[in-house]
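Hi everyone, thanks for coming. Let me put the structure up on the screen, and then we can walk through a few parts of it together.

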Amino acid sequence: MLPQLPAEIIAEIFEYFQYDIKSIYSCVQVNRMWCKIAIPVLWRFPTQHKFLLSNNKFWSSISRIIISCLSDDSVKHIIRLYESNNLPFLQSRSSYSSSYPSSSLRPLFNYLLFWNTLTHSDINNIKKSIFLNVTSIHVDYIIEDELYRNFLSYGSRLKYLQLPYNIRLTKYPEAQYTLMNIQYLRCDANTSTNYYNELAIYCCTLKKLIIDIWGKDNEGLANFIKSQHSLQHFEIHSQIIQIYPLIADALCTQVDSLKYLRIVGNPCFKSSVIGRFKKLKTLSLENFNHHVEVLEDLKFPELENLDIICDTITSFEVYKEIIEGASPATRNDNNFDNDNEGLANFIKSQHSLQHFEIHSQIIQIYPLIADALCTQVDSLKYLRIVGNPCFKSSVIGRFKKLKTLSLENFNHHVEVLEDLKFPELENLDIICDTITSFEVYKEIIEGASPATRNDNNFDNGDDNNFINDDDNNNNNINDDNNTNTNNNNNNNNNKEDDGGLKRIYWSSLSKTVDFNPRVYVEFVINYCPNLWFISIYIKDNSLTELEVLLSNLKKLEGIEIQVDDKTDITKLFDILCIKSPSDLKFLIFVGNCEWMVLPEMLESFFLEWGKKRKNNNHNNHNNLKIYFQEDIIDSENYKIIKKYNKKGIIQVYVLNFDNIFQIEEIRNRFGYDDLSPTTFDE
């Protein structure tokens, strides 16, 4: 008999067949585990199955399943509504008697939660298939409201939503959680301003937004666009010749992220607005006749795709400038291959440059820019290099007054990191580097260490304390509880700057080749006793390193914990409750471990942390802020989180991004701009 593949591998395989309906349906019938994995894939895009049946037969069949998945309250509500109005069901009323649905008739899965896309057309087809034509607007509204409420309930995997015209989805707490995860939204500019202002609170991580507009600018919609963290795709469909300044100004807040712009019908923005989107990859103009003036002076240096649809009047001469502006031959101001003497002179002319970033996709050294930057060695405090290095190690090493060094996507460039020492360095950020070993970064960390290191003894200095013995660890946790609390109280009020690193943020620590948690923790304790923030990876359920780290870094304010599927979450929470410094402010959990955090584990952790907080006489201003990666939070955990948020014991947030600097408090603590994450507020 063949060995059973892990569920994660089976799920990954099924993803390759998500559009092969027959194959996925066959997988459903293999066994229970395969069924459980395949059903969400099969029901992700159920409307793609329409071609197998006629439209009426398809919706009739699928609607029977949908009605069986509605909540008891929704079904009873609809039945009472129909009975009070003497309205007939399209299908047999006996199927929807007041006793329905009984547990024996309930499906094994709530198929509504697996839908990935929901449109007006879907809702209308479902209504028509279940009920006879409804003439009462009130009855129609209630049916539609109940359908949306069930589709957007706790646990929904909905990603694409066409916003209903007259139903305020934000009124339901369960829908609020689903709206946080919506990535693609289509909406109508005639929807009320107040509704969009409410929607902006929950739905702020859209990747794609489509707007249908008919002659009305909308301040609420403008605020909603501004609230998006990183909008990449924007479409606007207009049948009226009119400019919309509020929406135009709002869209301009997305100039750094927008890659796709589609305008259908009449132009809604002036040429000066459209021309600001210099990072566009795709520009699509549809039915754009008679609007030559809007296309004047448009240049998009990164444009890759130009789509001109149903324009039979505008001549090619008009589009030549757009095409020419995207040509490599005319990119004198955006030449990525050459050093730039003018830019070098511009850098030299700066009186006191403090923050410098360079983003490069080409492996090349730029000596002119390097020499120019070296004129700023006395003032530069922040250096960020994204992609390939543009300077030699000897150049980077000259900036002895750096406070922050940030290296992003810096794989395969070990030679540039050699012999680098920054005696005033406080923050080292390593982002998306899975190849460079910790040994390479040791020299940078050591070079930022306070001058005297001979007296660096840490609590668990005996090598035997790193032995992974569960019994010994548990005893040590209990024995050290009072000592740890006293030590924290002695240190918390005296956070003087003794030099050395204050932050080590390593976003991809869990994926780094040959990472050894013991070596990492031991080195950090020796050379970074004043850390305020650190990333750590719990590898192979070895929690001893976390104990030692928490016992010795008395000034910790925040910690990012990267876990894997072997991590004992219960023990992890126990260690955090007992060993953490009493004034810990930020606790961040990262890792694809949705199934690992059980509700009872989470509730126990919150209760214990509440006791710790009470014992240390902390007020509400010192509440621990906990950030969970969104994959970890399911509907049951969500209820527990809201319960303890309301009690004021903790403040819990959900991370729907990979970079900790999108957390407002952490940016404020280390001097970053404001941008809040998704919250669990009432």
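Let's start with a question: does Asp583 count as buried or exposed? Asp583 counts as buried, because its relative accessibility is 13%, and buried here means under 20% relative accessible area, exposed means over 50%, and partly exposed is in between (1.4 Å probe, protein chains only). You'll find Asp583 in the loop between helix H22 (569-579) and strand E16 (586-590). Helices (H or I, at least four residues) and strands (E, at least two) are DSSP runs, numbered from the N terminus. Asp583 and Arg613 are 30 residues apart in sequence, while their C-alpha atoms are 9.0 Å apart in space.

A quick word on the ground rules. This is a predicted model, in which local features need pLDDT of at least 70 and side-chain atom pairs count only at pLDDT 80 or more, whereas totals for chains, interfaces and linings use all residues. Residues are numbered from 1 along each chain as its sequence is written, and side-chain values use heavy atoms, with hydrogens and water left out.

Now to helix H5, residues 72-84. Which residues of H5 are buried? They are Ser74, Val75, Ile78, Ile79, Leu81 and Tyr82. These residues lie on the same side of H5, because they cover an arc of only 160° around the axis; the arc is that of the directions from the helix axis to the C-beta atoms. On the face turned away from that buried side, H5 carries the exposed residues Asp73, Arg80 and Ser84.

Next, the charged pairs. A salt bridge here is a side-chain nitrogen of Lys or Arg within 4 Å of a carboxyl oxygen of Asp or Glu, and the structure holds 17 salt bridges. One of them joins the side chains of Glu235 and Arg262 (2.9 Å, N to O). Glu235 sits in strand E5 (residues 233-238) and Arg262 in strand E6 (residues 260-265), so this pair ties together parts that are 27 residues apart in sequence. Both Glu235 and Arg262 are buried, and together with Glu286 they are linked in a network of salt bridges.

Strand E5 also contains His233, which counts as buried at 15% relative accessibility. The His233 side chain makes a polar contact with the side chain of Glu235 (2.8 Å). By polar contact I mean a pair of N or O atoms within 3.5 Å; within protein, one must be able to donate a hydrogen and the other to accept it, and residues adjacent in sequence count only if both atoms are side-chain atoms.

Here is another pair: the side chains of Arg384 and Glu357 meet in a salt bridge (2.9 Å, N to O). Arg384 lies in strand E10 (residues 382-387) and Glu357 in strand E9 (residues 355-360), so parts that are 27 residues apart in sequence are tied together. Arg384 is buried, at 18%, whereas Glu357 counts as partly exposed, at 32%.

My last pair is Asp429 and Arg503, whose side chains form a salt bridge (2.7 Å, N to O). Asp429 in strand E12 (residues 427-431) and Arg503 in strand E13 (residues 503-506) are 74 residues apart, linking distant parts of the chain. Asp429 is buried at 0% relative accessibility, and Arg503 is buried at 0% too.
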